[in-house]
Amino acid sequence: MVERIATAVGTPNIALIKYWGKRDDRLILPMNSSVSMTLDEQLNTRTSVLFSEKLQADTVYINGTVQDINGTEVGERMVVLDILRGMAGDKRKALVVSNNQFPTGSGLASSASGLATLTYAAAGALGLELQPRELSMVARRGSGSACRSMMGGIVEWRKGDKPDGSDSYAEQIIKPGEWPELVDVMAILTESRKKVSSRAGMKQTVQTGILYRSRLDYVEGAVERAIDAMRKRDFQALGELIMRDSMNMHATMLDTWPPIMYLDDSSKEIIYKVQELNQSEGRIVGAYTFDAGSNANIIALEKDVGKITDMLEGLGSVKNILKLKMGNGPRRLGDGESLIDGTGLKPVA
Ligand code: 2P0
């Protein structure tokens with residue numbers, strides 16, 4: 001069998017209407033649909049994969065460190081390798097070398113970026129020619145939000161209804177070049193790891209939340225309204241939906257037992273400052289959104305980025321500000337950029 005090293009680069013995405021809760025933990029089927037913006041390569045993951053008869057076991061390096069994949073969360077996420085091997089009818093073990101190249105101080109380690117890039121590179125190494133939709137369903141099994149990083153621009157993850165997950169996939173809604181003015185101003189507040197993982201936090205919310213049920217009543221309609229607003233390039237309608245969905249998701253976290261709080265005082269200060277800015281301008285200049293952490297993403301139109309960065313620069317708590325545009329999704333890199341030393345079956349020095 002041909003042994004080929006495939007190398008790919010991929011990026012995180014920021015959810016505008018969020019995924020929070022699974023109806024199937026193993027197949028990673030979400031309780032609700034979600035919609036996100038794939039980000040450009042300022043934040044990226046680079047991954048090389050090689051399947052080889054010479055390997056006795058799957059071996060995974062992340063940021064230079066070999067990972068324990070027996071009974072760990074990283075190991076669980078490597079299910080994408082098994083799924084792809086099944087598709088290819090190939091039993092060879094894999095060497096995976098993956099590096100997150102995020103600017104120092106960004107404090108971001110994104111499973112979406114990692115699993116989308118791994119899926120893309122591993123499919124390439126096996127010589128599989130899969131459509132983006134099929135790839136998104138494989139990446140979904142590694143991390144739910146990863147399915148949305150499999151495509152560029154604005155992407156919807158349709159929750160689907162089938163128990164086998166065959167209708168739960170990502171779909172591109174808007175290509176990056178179709179609304180280039182839409183940007184994400186990321187305000188980095190902390191680099192510390194979150195206390196509760198997203199996986200554990202969403203499970204607890206589904207199991208114990210009272211407000212969570214009312215989120216489910218509203219959120220599918222919110223996805224539709226957000227997509228409609230984006231198709232009309234109506235930032236005012238979109239901005240309100242983005243902010244309200246972030247607050248709604250964080251309210252359901254606060255309402256779980258024991259409570260989960262990802263927002264801190266610095267995040268709250270940004271919420272108030274953005275509200276103030278929007279109020280003083282009489283329109284939505286920026287729309288804040290927070291994932292399972294305290295760092296802020298402020299979605300805005302290019303023309304207003306200066307106003308937002310001026311506001312953020314006045315806050316002592318903001319360590320780093322990044323302006324991200326829409327990205328194109330994962331792509332293959334040439335052999336010259338391989339992270340694997342082909343002869344030694346190990347990472348390049
Ligand atoms: C999202 N998040 O839609 C939401 C918003 C965090 C808050 O998807 O268990 O790492 O691997 O499916 O995808 C983070 O959860 O969880 C997430 P798994 P994932 O982006």
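In which sense do strand 1 and strand 6 pair, and over how many bridges? Strand 1 (residues 5–10) runs antiparallel to strand 6, with 6 bridges between the two; strands (E, at least two residues) and helices (H or I, at least four) are DSSP runs numbered from the N terminus, and pairing requires at least two DSSP bridges. The model is predicted, so local features need pLDDT of at least 70 and side-chain atom pairs pLDDT 80 or more, whereas totals for chains, interfaces and linings use all residues. Residues are numbered from 1 along each chain as its sequence is written, and side-chain values use heavy atoms, without hydrogens and water.

Within strand 6, Thr45 is the bridge partner of Gly10. Strand 6 is also joined to strand 9 by 9 bridges, again antiparallel, and Phe51 stands opposite Ala94 of strand 9. Because 9 of its 9 residues are buried, strand 6 is largely enclosed by the rest of the structure; buried means under 20% relative accessible area with a 1.4 Å probe, protein chains only. Asn44, Arg46, Ser48, Leu50 and Ser52 point one way from the strand, and Thr45, Thr47, Val49 and Phe51 point the other way.

In helix 2 (residues 79–88), the buried residues are Val80, Leu81, Leu84 and Arg85. They lie on the same side of helix 2, because they cover an arc of only 135 degrees around the axis, taken from the directions from the helix axis to the C-beta atoms. Gly89 follows helix 2 with a positive phi, near 65 degrees.

How values were computed: Buried means under 20% relative accessible area, exposed over 50%, partly exposed in between (1.4 Å probe, protein chains only).
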